[in-house]
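Let's take a walk through this structure together, one neighbourhood at a time. Please keep the 3D view open as you read.

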Amino acid sequence: MSPFSRRSFLGVLPLGFLGWKWGHAHSLSIPQDKNNEQAKEIKIKKYNPLGNTGLKVSDVSFGAISLFDSNVIRYAYDLGVNYFDTAESYLRMQSEKFVGEALGDVRSKVIITTKHSFPPQFKDQFKKERIIQRVENSLSRLQTDYIDIAMIHNISDLSLLENQELQAAYSQLKEQGKIRFTGFSTHNPKLTLKQALTSDFPQVILVIYNHLEGPEIEDLIAQVRKKGIGVVAMKVFAGGKQGNLKALVNARQSYPQAAIRWVLKNPNVDCCIVTMSSYSHVEEYVAVSGQALRPEDLKIISAYQKAASREYCRVSCSACLSACPSGVAINDVLRMAMYFEDYRLESEAIRYYAQLDDSQKPISCATCPGYCQQACPYQLAVKDKLLKAHSLLQA
Ligand code: SF4
Ligand code: SF4
């Protein structure tokens, strides 16, 4: 176990537990082990330009998908993190509230991204006023009057952006100064990054990028970055299976730190967001800021790859989809299972799964020979994984 994951925070009582209101919490410093010199040195050491936006972002930045205490966000800010990524859908809007609570009084010093989903199957039902209202609701939860980067969440095909209502809404919000820059997040970079090269909409992109599925898209990342689009990497832990892999459970070195260094070695990645759910996460990840990839990182990454390669469904891969006669959304279902099993976001995963159409769920897999499995270049036991995912995720 890494020194950071072993770190004891017994002195850190959740402020909510103590019944303190946020106004009090801001006047408090987060309790830390004052004798720990290592902890005192942990600070963001590198800020990078975010594409052509003129903004400079901490290389290690904050992902707020899994969080139970806004003080953790504030602690990251105190250590120099200045880029915070949230979404309307995270924690049923609670994540945006946490970000607003934590950063309201330092708003001008931080960069906030939030994201809104527009499922393509409903694109004929998009309405400009409704979209504007959703963004304004986010502003209110975030306790701010502008969003630095407003992203379309989890987009697979930029043809969605041709929707007139969507375009009109985002143009109006930009003209009103409620949005500074626009962008999108994607799990389908091979298509969407190519499309981004000829679209004016994305000024910042949030893209899956890690040591298991990054190398294939590095050329595209370089091209969008050359165009001036900011590149933020997500899912940098390649599935985050380290807690479930025997080969890594007792590793002396931190796999997450190695995985972050691997991502940040790419000069076309402006920053990466990592989920920081606790004070120990904040310290463990921020400690990596400004550091180069080390030979020992490659060793632990190699151990992870060996152990996880046949377990991890590459989120950006879709090689098996055309082999399925039933139209199951295989990579989406396995991504949701990853949220459930590896990220421990059980209720979020169940909620996302409920949003899939029944025809996209692996309901007919039990009686199928498993064509998807034969098509998987990474030799995953796809059919079994889908059946397990369905039993975990159905409400
Ligand atoms: S096992 Fe399921 S996902 Fe795979 S090909 Fe058959 S129906 Fe499609
Ligand atoms: S199951 Fe295999 S082929 Fe299908 S998306 Fe995942 S990694 Fe790609």
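**A helix between two strands**

In helix α9 (residues 189-196), the buried residues are Pro-189, Thr-192, Leu-193 and Ala-196. Here a residue counts as buried if 20 or more other C-beta atoms lie within 10 Å of its own, as exposed if 12 or fewer do, and as partly exposed in between, with C-beta atoms placed from the backbone. Looking down the axis of α9, these buried residues fall within an arc of 95°, so they line one face of the helix; the arc is that of the directions from the helix axis to the C-beta atoms. An α-helix has 3.6 residues a turn, so residues three or four places apart point the same way. The buried residues of α9 pack against β7, β8 and α10 (218-226), where a contact means that two C-beta atoms, placed from the backbone, lie within 7 Å.

Before going on, a word on the ground rules: this is a predicted model, in which local features need pLDDT of at least 70 and side-chain atom pairs count only at pLDDT 80 or more, while totals for chains, interfaces and linings use all residues. Residues are numbered from 1 along each chain as its sequence is written, and chains are lettered from A and ligands numbered from 1 in the order in which they are written. Helices (H or I, at least four residues) and strands (E, at least two) are DSSP runs, numbered from the N terminus.

With that in place, here is the overall picture. The chain holds 18 helices and 10 strands, and buried residues make up 46% of its 395 residues. Of the contacts between residues at least 6 apart in sequence, 77% join residues at least 24 apart.

**Along the parallel strands**

How buried is strand β7 (residues 179-186)? Seven of its eight residues are buried, so β7 is largely enclosed by the rest of the structure. Strand β6 (residues 147-153) runs parallel to β7, and five bridges join them; two strands pair if DSSP finds at least two bridges between them. In this pairing, Ile-147 stands opposite Ile-179 in β7. From β6 the chain crosses through helix α8 (residues 164-175) to β7, and this β-α-β crossover is right-handed. Right-handed means that, with the strands pointing away from the viewer, the path from the first strand over the helix to the second runs clockwise.

β7 also pairs in the parallel sense with strand β8 (residues 204-208), over four bridges, and Thr-186 has Val-207 in β8 as its bridge partner. This brings us back to α9: together with β7 and β8, α9 makes a right-handed β-α-β unit.

Next comes strand β9 (residues 230-234), which is mostly covered, with five of its five residues buried. In a regular strand the side chains alternate between the two faces of the sheet. In β9, Gly-230, Val-232 and Met-234 point one way and Val-231 and Ala-233 the other way, and all are buried. β8 and β9 run parallel and are joined by five bridges, with Val-232 in β9 as the bridge partner of Leu-206. The chain gets from β8 to β9 through α10, in another β-α-β crossover that is right-handed. On to strand β10 (residues 271-275), which runs parallel to β9 and is joined to it by two bridges; there, Val-232 stands opposite Cys-271.

**A helix beside the ligand**

Now turn to helix α18 (residues 382-393), whose 12 residues reach 16 Å from first C-alpha to last. That is close to the 16 Å expected at 1.5 Å a residue, the expected span being 1.5 Å times one less than the number of residues. Its buried residues are Val-382, Lys-383, Lys-385, Leu-386, Ala-389 and Leu-393. They cover an arc of only 160° around the axis, which puts them on the same side of α18. On the other side, Asp-384 and Ser-391 are exposed. The buried residues of α18 pack against α15 (330-341), α16 (346-354) and α17 (371-375).

Among the residues Phe-340 touches are Leu-392 and Leu-393. Phe-340 and Leu-393 are 53 residues apart in sequence and 7.9 Å apart in space, C-alpha to C-alpha.

Finally, which residues come nearest to ligand 1? Of the 15 residues around ligand 1 (C-beta atom, placed from the backbone, within 6 Å), these are Cys-324, Val-328, Cys-365, Cys-368 and Cys-372. α17 and α18 are the elements that give two or more residues to this shell, and α18 gives the most, with three residues.
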